[in-house]
Amino acid sequence: MSSHVILITGASSGFGALTSRALADAGHTVYAGMRQTTGRNAAAVAEARAYAEEHGVDLRTVELDVSRQESADAAVAAVTEEAGRVDVVVHNAGHMVLGPAESFTPEQLAEIYDTNVLSTQRVNRAVLPRMRERRDGLLVWVGSSSTYGGTPPYLAPYFGAKAAMDHLAKSYAVELSRFGIDTSIVVPGSFTSGTNHFAHAMHPADTATAEAYDELYEGLMDDVGKRLAALAPPDADAGEVARTIVAVVDAPKGQRPFRVTIDPADDGSEQVSDVADRIRAGFYDRIGFPDLLTTRTAAGT
């Protein structure tokens, strides 16, 4: 296994922090991207530094605000200057919501789509020119089982954004395959412990409309998390998502899985996505572009 230089977005906590440590433990040079590294995330920076020192691994942090193109450009430039290249990007940054769909303002939906979808475009535009030039690289997209599986109520803006990201990833996969750049979509289910997705969820700005729903749906917002937690087995471990990403990164180029689902609640996502991905592959065969589903491993092959 060769060592890779890896940039992870949204790595101050949750899946991002777990993945940054797991990849560093596996021998890679890891840059945990997070915003406000000298402000609200200063503690996360200190924790990453302490982990690196305690475990003797190459885990670093880099200022990265995925809502700003100039920050994405600066982060990629800083990593490239320090480490010489970026081999892998893990698109992990995301933001959860809780509340009836109608009670979120259009501006809030735009913010959710910005964090979960547009952020990946900013980072891609910063990192892909060098990957294309080198004919090598890997994009790992952290999706959601909601794209193909169960969709409980009061999470609609998040589900819509994650589905949009999934479709963007699928298009990037075929458009980058001839450049020798791999794509893998890692799909976590509803891990209600081990992350802070629900604790940091966005709530509706239109509180009057949200309260109107309480007439018929009182307590539903709190119940969603409890019901999801009840579906998961007692040994559900959010660290399994990080370990899966390590396995994807460590797999040989051209042999990495296109999609891997880690869903302790078994909401049906894996079964449906298997069918959807088979139909996608058949469609590319029918239109005469089956080669686009396989990453080129050498120039001209």
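Keep in mind as you look that the model is predicted.

As a reminder, strands of a sheet pair through backbone hydrogen bonds, either parallel or antiparallel.

Strand 2, residues 29-34, runs parallel to strand 3, and five bridges join the two. To find your place in this pairing, look for Gly 33, which stands opposite Val 62 of strand 3.

Strand 4 has a parallel partner in strand 1 (residues 5-8), with three bridges between them. Within that pairing, Val 89 is the bridge partner of Leu 7. Strand 4 also pairs in the parallel sense with strand 5, residues 137-142, this time over four bridges. Here His 91 has Trp 141 of strand 5 as its bridge partner.

How does the chain get from strand 4 to strand 5? The two strands and helix 4 (residues 106-134) make a β-α-β unit, and this unit is right-handed.

With the sheet in view, turn to the charged side chains. The whole structure holds 15 salt bridges. One of them joins Arg 134 to Asp 136, with 3.9 Å from N to O. Arg 134 counts as partly exposed because its relative accessibility is 34%, and Asp 136, at 29%, also counts as partly exposed. Another salt bridge brings the side chains of Glu 70 and Arg 68 together at 3.4 Å, N to O. Arg 68 has a relative accessibility of 36%, so this residue counts as partly exposed.

A further pair reaches across the sequence. Asp 291 and Arg 178 form a salt bridge whose closest N and O atoms are 3.0 Å apart. Asp 291 lies in the segment after helix 9, whereas Arg 178 sits in the loop between helix 5 (156-176) and strand 6 (181-188), so this pair ties together parts that are 113 residues apart in sequence. Asp 291 is partly exposed, with a relative accessible area of 34%, and Arg 178 counts as partly exposed at 39% relative accessibility. Elsewhere, salt bridges with shared partners link Arg 85, Asp 87, Arg 134, Asp 136 and Lys 253 into one network.

Which residues make the nonpolar surface patch of about 270 Å²? They are Phe 283, Ile 287 and Phe 289. Phe 283 belongs to helix 9, residues 269-286. With a relative accessibility of 42%, Phe 283 counts as partly exposed.

Note on methods: Residues numbered from 1 in each chain as written. Predicted model: local features only at pLDDT ≥ 70, side-chain atom pairs only at ≥ 80, totals over all residues. Heavy atoms only, no water. Pairing = 2+ DSSP bridges. Right-handed = clockwise from strand over helix to strand, strands pointing away. Patch = residues over 30% accessible without salt bridge, like charges linked within 9 Å, V, L, I, M, F, W, Y side chains within 5 Å. Areas by Shrake-Rupley, 256 points an atom, 1.4 Å probe, with all protein chains shown as cover. Salt bridge = Lys/Arg side-chain N within 4 Å of Asp/Glu carboxyl O. Buried < 20%, exposed > 50% of the residue type's maximum accessible area, 1.4 Å probe, protein only.
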